[in-house]
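Write for someone who is new to reading structures.

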Amino acid sequence: MALPGRPPACDLCGQDAVFLDRVRGCHLCGDHFLRDMEGRVRHTLWEYRLLRPGERIAVALSGGKDSTVLLHLLRKFLPVPGTVTLTAITVDEGIAGYRDATQRVAREMAARLGVEHRIVSFRDLAGSTLDAMVAAGGEHPCTLCGVHRRKALQETAMALGATAVATGHNLNDEAQTVVMNCLRGDLHGFTRSPVRCSAPSPRFASRIPVREPADGGLRRIKPLFRIPEKEVALYGMLTGIFHDLPECPYAGTALRSEARRMVDRLEYLRPGTLGRIVRGQEELATLCRGIPEKPGKDGDPRGRPSTVT
Amino acid sequence: MKIRLQDGTARTYDGGAARVWEVLLALDENPAGVIVSRNGRVIPEDTVLGRDDEIRVIRVSHGG
C-alpha cells in the first residue's frame, strides 16, 4: 500500500485528484472532473436535441442536488441567450420539517441564476397537504406524492406555455426505475425509453428510442440521465451549489429505496452496472418501438413528467 | 482515525493506515454512495489515510 498523504494524481494534469472514475479507470482533479461532466451533459443535450430554439423549458426545481445542478447546467448551456427560455417550478407538497429548507435553496438558486421561478403547492392545487393526505390513509405516500406532483408540474408548465419539462433524474434514478419495473412485472414500463425524444440528432437516430409525448403535450427531458448520482453531487460540491439537506421522511419505505440499495451495491461490486442497466433498457425500448403506452394509475397519460428527484 | 458523519456523530477507525474505501466498508457505507473530504478537500476513495487523519463522509443518495 502507498504511504498515507496526498491523494492520487489527476491522470490529465498531475494535480491532486478529487475523483476516481471506476468505470473508465482514471483519476480526475476538480477542474478536469467539472469539464468532463459538463461535456457529457452537453453531449446528451446535443445527441437527443433536448433544447430547441424558441422553446420555453419548465425545470422541475425541488431544491435538492439534482434539480439544482440541472438548472445550473441548463442555464450555462443555453444555445444562444434568449432563444430558449427557462422557468423553474417548485412544488410544495406540504411535508413538515422537510420542504422549507429545500424551497429556500430553490428560491436562492433561481434568483442567483436569473431564472423565473414559480412555487405551487398541493394545498392550492389539491386542497390538502401531503401530510394530511397520508394521515387520512389509503395510498402509499410516494404514490400520492408522485401523482399530485406530476399533475402540479404538468398543469403549471402548460399554463406557462412550456413545451417541455426538464427533471433532474440521474443515472441511479433511471437504473432504479428499470429494476422497479422488473420487480412489479411492468412490461410497458420496462420498454419505455428514459428520455422522450421525437427528433434525435440524425447521427444517432437509428439507436435512440423515439417517443412522442403520449398526450401530444409536453416533452419530458432528463439531461442528467447518464450521470451517476455521486457525480451530480460532486459537481454540486465543487461548484458550491450543493446543500446538505434533510431526506424526505417518507422515502425510507418506498420500493425505490430497496431498488436503490440493490443497484448501489451492484455498482460498487461491478462498476458500470448502472450504465449497463440503462443502456440495455434503451436498446429494448428501441426494439419495442410502436408498442402503445399504458395509461397511468391515475388515468393520466404517461406523458406526464415523473418527479422522483 | 476519526470519521465525522452527516448526522453530526463521529466514529473512529482503529485499523491503522487504510484506503478510504476500506474505512467506508468497515463503517458499512457503500463507497459508491458517499463523498469523502479531508481537511475540507474532496478525496478519491483510493486515497491512503493515516491513523491521525480526520475525514468527513457525506451521503449523496436521497429521495423517495
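In chain B, 34% of the 64 residues count as buried. This value, like every other one here, comes from a predicted model. The predictor's confidence in chain B averages a pLDDT of 91, and 95% of the residues score at least 70. The model as a whole has an ipTM of 0.94 and a pTM of 0.88.

The overall dimensions of chain B come next. A compact globule of 64 residues would have a radius of gyration near 11 Å, and chain B has 11 Å, so the two agree. The C-alpha trace of chain B spans about 35 × 20 × 20 Å along its principal axes. Contacts can also be sorted by separation in the sequence. Among the contacts in chain B between residues at least 6 apart, 51% join residues that are at least 24 apart.

What elements does chain B contain? There are one helix and seven strands. Along the sequence they follow the pattern β-β-β-α-β-β-β-β. Five strands of chain B form an open sheet in the order 2-1-7-4-5, and the pairing in this sheet is mixed. Strand 2 (10-12) and strand 5 (41-43) of chain B each have a single partner strand; they stand at the edges, so one side of each is left without a neighbour in the sheet. From one strand to the next, the twist averages 35°.

One pair in this sheet can be followed in detail. Strand 4 of chain B, residues 34-38, pairs with strand 5 of chain B in the antiparallel sense, over three bridges. Within this part of the sheet, Arg38(B) stands opposite Arg41(B), which belongs to strand 5 of chain B.

Chain A also has an open sheet of five strands, in the order 5-4-3-6-7, but here the pairing is parallel. Its edge strands are strand 5 (116-121) and strand 7 (219-221) of chain A, each of which pairs on one side only. The twist in this sheet averages 25° from one strand to the next. Strand 4 of chain A, residues 85-92, pairs with strand 5 of chain A in the parallel sense over six bridges. Thr90(A) stands opposite Ile119(A) in strand 5 of chain A.

Helices lie across this sheet. Helix 2 of chain A (residues 65-77) lies across strand 3 (56-60), strand 4 and strand 6 (164-166) of chain A, and runs at about 155° to strand 3 of chain A. Helix 6 of chain A (residues 141-159) lies across strand 3, strand 4, strand 5 and strand 6 of chain A, at about 145° to strand 4 of chain A.

Where do the two chains meet? The contact takes 32 residues from chain A and 23 residues from chain B. On the side of chain A that touches chain B, the elements that give two or more residues are strand 1 (19-21), helix 9 and helix 10 (255-269) of chain A. Helix 10 of chain A provides the largest share of that side, six residues. By type, the residues of this side of chain A divide into 20 nonpolar, three polar and nine charged.

Methods. Residues are numbered from 1 along each chain as its sequence is written. Chains are lettered from A and ligands numbered from 1 in the order in which they are written. This is a predicted model: local features need pLDDT of at least 70, side-chain atom pairs count only at pLDDT 80 or more; totals for chains, interfaces and linings use all residues. Two strands pair if DSSP finds at least two bridges between them. Helices (H or I, at least four residues) and strands (E, at least two) are DSSP runs, numbered from the N terminus. Axes are lines fitted to C-alpha atoms, for helices over the stretch in contact, and angles run from 0 to 180 degrees between N-to-C directions. The radius of gyration is taken over C-alpha atoms; the globule rule is 2.2 Å times the number of residues to the power 0.38. A residue is buried if 20 or more other C-beta atoms lie within 10 Å of its own, exposed if 12 or fewer, and partly exposed in between; C-beta atoms are placed from the backbone. Two residues are in contact if their C-beta atoms, placed from the backbone, lie within 7 Å. Ala, Val, Leu, Ile, Met, Phe, Trp, Tyr, Cys and Pro count as nonpolar, Asp, Glu, Lys and Arg as charged, and the others, Gly among them, as polar. pLDDT is the predictor's confidence in each residue, from 0 to 100.
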